[in-house]
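Q: Could you walk me through this one before I set anything up? I'd like to go topic by topic.

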Amino acid sequence: MTAPLSGGNAPARAVDAYTAAQSAQDAAVGHQTRSFRVWRGADGNGAFHDYTTETNDGMVVLDAVHKIQAEQANDLAVRWNCKAGKCGSCSAEINGKPKLMCMTRLEELPADEPVTVEPMRAFPHVRDLVTDVSWNFRVKPRIKRFTPRKPDAPDGTWRIAQEDVDRVQEFRKCIECFLCQDVCHVIRDHHKHEEFIGPRFLVYAAALEMHPLDVEDRTTALKEDFGIGYCNITKCCTKVCPEHITITDNAIIPLKERVVDQHYDPLRALVRLVRGKKKS
Ligand code: SF4
Ligand code: SF4
Ligand code: FES
């Protein structure tokens, strides 16, 4: 007698076969159930809330946050715009590190532990993952604007060496995500918002100071008002910049050198003294 082709446990076998096939298909597309710890709360008060959701290869943290928002937490506040690493809106702290949510792939993060997502810490908390970054927009207008020298030619044009143009080009990549401001201990831990403009605006000042046409002198303001002396070259800002701007070596150190040249060089100090006496 031959064994029956189907029996009492046939549906269970069919389910097992389906589950195995589904698992194989899921593995092929990197389908996984992952855990997230998302900061929820308002005005600086809050706690981590735990969520699990289905993810696939290629998803970024912002995708997972949107999925949680759509399926489990409709009122979760998160700021974003471009989802392409260009608007600088989705800055957050992912597994404790300042990053753009839209440029952080889930497969870069350990799969065997929850992904933590928190708001930036250097700015006032508004709600959930959103902070108030408006302080940064008040800093920018304090820096003297671009002031070009007179044109080099009668037709109103200038002549500039390519290497001088290239030097400032790097600084123009800034997307104002403020991750560098968030990580800087002078702002984050010592709360020197009123005395120190932070790495983002030192980059901005460097772009102006090193511009081949600019004739304005911002060194006094850098020393007296913008707190460049607070920067102790830890390079944390450079490490978190999503645009890979070499903030410390290419912007801050040359600015510090200019401040020293202008204000601590005895010959220049003498010239300034003489000029000051002549004016008075
Ligand atoms: S290098 Fe200077 S500006 Fe950058 S994080 Fe360190 S202290 Fe702040
Ligand atoms: S310098 Fe880099 S980290 Fe800082 S605001 Fe600009 S893009 Fe963001
Ligand atoms: S959403 Fe624009 S940089 Fe992330």
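Q: What covers the buried residues of H2?
A: Keeping in mind that this is a predicted model, the cover over the buried residues of H2 includes strand E1 (32-42), strand E2 (45-55), E3 and strand E5 (115-118).

Q: Which residues of helix H2 are buried?
A: In helix H2, which spans residues 61-71, the buried ones are Val-61, Leu-62, Ala-64, Val-65 and Ile-68. They lie on the same side of H2, because the arc they cover around the axis is only 160°. On the other side of H2, Ala-70 and Glu-71 are exposed.

Q: OK, and the largest nonpolar core, how many residues has it, and which have the most contacts inside it?
A: That core has 56 residues, and those with the most contacts inside it are Val-61, Val-65, Met-101, Cys-180, Leu-202, Val-203 and Leu-255. Two or more residues each come from E1, H2, E5, H5, helix H6 (185-188), H7, H9 and H10.

Q: Which of those elements gives the most to this core?
A: H7 does, with 6 residues.

Q: Switching to the ligands, which residues come nearest to ligand 2?
A: There are 16 residues around ligand 2, of which Cys-174, Cys-177, Cys-180, Arg-200 and Cys-241 come nearest. Helix H5 (179-183) and helix H7 (198-209) each supply at least two residues of that shell, and H7 gives the most to it, with 3 residues. Cys-180, named here among the nearest, is also one of the residues with the most contacts inside the largest nonpolar core.

Q: How does the shell around ligand 2 split by class?
A: The shell around ligand 2 has 13 nonpolar residues and 3 charged ones, with no polar residues.

Q: And ligand 1, which residues are closest there?
A: Ligand 1 is surrounded by 13 residues, the closest being Cys-184, Pro-199, Cys-231, Thr-234 and Cys-237. The elements giving two or more residues to this shell are helix H9 (236-240) and helix H10 (247-264). By class, the shell around ligand 1 consists of 9 nonpolar, 3 polar and 1 charged residues.

Q: Back to the strands: do E3 and E4 run parallel or antiparallel, and how many bridges join them?
A: Strand E3 (residues 91-94) and strand E4 (residues 97-100) run antiparallel and are joined by 4 bridges. Ile-94 stands opposite Lys-97 in E4.

Q: What about the turn, how many residues are between the strands in that hairpin?
A: The hairpin of E3 and E4 has 2 residues between the strands, and Asn-95 takes a positive phi near 50°.

Q: One residue I'm curious about: where is Ala-221, and why does it count as partly exposed?
A: Ala-221 belongs to helix H8, residues 219-224. It counts as partly exposed because it has 17 C-beta neighbours inside 10 Å, whereas a residue needs 20 or more to be buried and 12 or fewer to be exposed.

Q: Which residues does Ala-221 touch, leaving out those up to four places away in sequence?
A: With those left out, Ala-221 touches Lys-144 and Phe-226. As for Val-259, its C-alpha is 9.4 Å from that of Ala-221, while the two residues are 38 apart in sequence.

Q: Last one, the whole chain: how many helices and strands, and what share of the residues is buried?
A: The protein chain has 11 helices and 7 strands, and buried residues make up 28% of its 280 residues. Among its contacts between residues at least 6 apart in sequence, 63% join residues at least 24 apart.

Methods
Residues numbered from 1 in each chain as written. Chains lettered and ligands numbered in written order. Predicted model: local features only at pLDDT ≥ 70, side-chain atom pairs only at ≥ 80, totals over all residues. Near = placed C-beta within 6 Å. Nonpolar A, V, L, I, M, F, W, Y, C, P; charged D, E, K, R; others polar. Pairing = 2+ DSSP bridges. Contact = placed C-beta atoms within 7 Å. Arc of directions from axis to C-beta. Core = buried A, V, L, I, M, F, W, Y, C linked by C-beta atoms within 7 Å.
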